[in-house]
Amino acid sequence: MLTDVPAAPAPLEEPDARGRFGDYGGRFVPETLVLALQQLAEHYRELRQDQGFWRELAELMRSYSGRPTPLYRARRLQALVDGPELWLKREDLNHTGSHKINNCLGQALLARRLGKSTILAETGAGQHGVATATVCALLDMQCRVYMGAEDVRRQALNVSRMRLLGAEVISVESGSRTLKDATNEALRAWVGQVDEAHYILGSVVGPHPYPWMVRDFQAVIGHEIAAELWPKKVIACVGGGSNAAGAFARFVPHSEVGLVGVEAGGHGFTTGEHCASLGRGKPGVLHGALTYLLQDEFGQVSQTHSISAGLDYPGVGPEHSAWATSGRVEYHSVTDEEALNAFENLCRLEGIVPALESAHALAWYLREGKGRADEGPWVLCLSGRGDKDVQEVLRLRGLV
Ligand SMILES: *Cc1c(COP(=O)(O)O)cnc(C)c1O
């Protein structure tokens with residue numbers, strides 16, 4: 001029940017005065033953004049103590065997004081591999097189809113309190129863009145979404161959804177014309193209008209205070225899990241790392257709960273075509289934060305590949321870099337093919353079509369949970385639904 005969920009995220013760890021989690025994070029941005037980010041951090045620090053804000057957010061999450069999301073026991077998937085008792089945290093049942101709306105609702109309420117009239121956002125596959133356009137319609141704000149030209153082409157349905165919701169979609173032609181470039185462009189656009197605009201970043205990445213705020217807004221996932229059962233392990237896929245951070249945060253202080261982040265192994269490490277920022281990356285600066293990222297020997301950000309657009313990002317949130325370094329969270333990866341198999345298994349055995357991102361976490365369960373029936377309960381964050389991926393899966397399977 002929602003009444004069991006703390007209104008404010010008080011017990012969670014805060015970044016230090018420089019905005020770092022351990023050695024990672026910080027604020028590596030142009031001069032013009034430093035002041036805006038400092039003010040944002042100060043406002044957020046105050047808001048974090050404001051019970052009225054968290055109550056308003058909790059009420060919107062309940063009445064508009066459908067929280068709390070169910071915890072569903074996947075018996076047939078468990079039986080397939082004789083694995084640990086498995087519970088799916090159904091973030092796919094949120095309004096707009098993924099966990100992204102948790103963060104968008106929080107940041108849009110924050111922007112309204114700051115008196116901002118315009119919202120800027122970046123998007124890759126379009127899920128964050130759709131969630132942002134949705135909350136802007138709800139709260140009567142202007143919305144401009146930056147999207148790589150290549151993604152505009154690949155994700156036509158989400159582009160149409162954003163336009164129907166009243167957002168302006170701006171096609172970005174620079175670089176590889178995907179998420180990384182859209183994020184650069186959105187940050188650049190924000191520099192020119194920091195007074196009237198708020199930038200809603202879509203994951204636990206970017207300069208301080210974003211990794212902190214986004215984690216707090218997503219932490220409702222872990223709070224709801226803990227209110228229903230106490231897991232032995234929590235498993236989540238990691239792109240930028242927001243659904244994982246939200247699912248993990250509640251359990252980080254409890255070392256008896258195992259935490260597993262699953263990155264996109266793409267075609268496998270030997271091919272170089274993957275997105276395993278923690279598995280194969282090195283520390284560097286991307287989008288204003290010091291964190292693990294995939295880069296070549298000269299520090300140039302590498303081209304990445306994943307079957308799933310939402311995981312196709314060369315970096316990862318700084319708090320994950322800190323958790324990886326301290327060993328508190330284990331990070332592993334699965335390949336495109338393993339994710340595809342898991343996608344099909346969840347469809348056929350449980351009647352749930354998952355996002356390809358979430359299928360990565362499922363694939364890890366199927367591979368590593370095999371034969372470990374006495375080790376549950378394990379909870380897996382099913383970050384989103386897979387309608388957006390149906391065409392791609394059919395294409396990859398040669399069915400269209
Ligand atoms: C965006 C997205 C992800 C990846 O983002 P994180 O910040 O790592 O959570 C995962 N699953 C779904 C369904 C998404 O839309």
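How many residues line the largest pocket, and which of them lie nearest its centre? In this predicted model, the largest pocket is lined by 42 residues, and those nearest its centre are Arg-154, Gln-155, Ile-307, Ala-309 and Glu-392. Two or more lining residues are given by each of helix 6 (149-154), helix 7 (156-164), helix 8 (179-191), helix 14 (336-350) and helix 16 (390-396), and helix 16 provides the largest share, namely five residues. The volume of the largest pocket is about 970 Å³. By class, its lining divides into 11 nonpolar, 17 polar and 14 charged residues, and at least three residues are drawn from each of domain 1 (21-63 + 100-214) and domain 2 (67-97 + 219-396).

**Cavities**

Rolling a probe the size of a water molecule over the atoms shows where empty space is left. Across the whole structure, three cavities of 30 Å³ or more are found, and the largest cavity holds about 420 Å³ of space. Its lining consists of 34 residues, with Lys-100, Gly-202, Ser-203, Gly-240 and Gly-310 lying nearest the centre. Strand 5 (118-123), helix 5 (127-139), helix 8 and helix 11 (242-248) supply at least two lining residues each, while the classes are represented by 10 nonpolar, 19 polar and five charged residues. Domain 1 (21-63 + 100-214) and domain 2 (67-97 + 219-396) each contribute at least three residues to the lining of the largest cavity.

**The ligand**

The ligand is surrounded by 17 residues, of which Lys-100, Ser-203, Gly-241, Ser-242 and Ser-383 are the closest. Lys-100 and Ser-203 are also among the residues nearest the centre of the largest cavity.

| Residue | Part of the residue | Distance to a ligand oxygen atom |
|---|---|---|
| His-99 | N or O atom in the side chain | 2.9 Å |
| Gly-240 | backbone N or O atom | 3.2 Å |
| Asn-243 | N or O atom in the side chain | 2.8 Å |

Gly-240, which reaches the ligand through a backbone atom, is likewise one of the residues nearest the centre of the largest cavity.

**Backbone features in loops**

Positive phi values in residues other than glycine occur at Thr-96, where phi is near 75°, and at His-287, where phi is near 45°. Thr-96 belongs to the loop between strand 4 (86-90) and helix 4 (100-113), and it counts as buried because its relative accessibility is 8%, which falls under the 20% cut-off. His-287 lies in the loop between strand 11 (282-286) and strand 12 (289-293), and its relative accessibility of 9% is likewise under 20%, so His-287 also counts as buried.

Terms used: Residues numbered from 1 in each chain as written. Predicted model: local features only at pLDDT ≥ 70, side-chain atom pairs only at ≥ 80, totals over all residues. Heavy atoms only, no water. Helix = DSSP H or I, 4+ residues; strand = E, 2+ residues; numbered from the N terminus. Buried < 20%, exposed > 50% of the residue type's maximum accessible area, 1.4 Å probe, protein only. 1 Å grid on protein atoms, 1.4 Å probe; cavity = no way out; pocket = protein on both sides within 12 Å on 5 of 7 lines; lining within 4 Å. Points joined across faces, edges and corners; volume = space filled by probe spheres on them. Nonpolar A, V, L, I, M, F, W, Y, C, P; charged D, E, K, R; others polar. Domains from an automatic or database assignment. Near = heavy atom within 4 Å. Polar contact = N/O pair within 3.5 Å; in protein donor to acceptor, adjacent residues only side chain to side chain.
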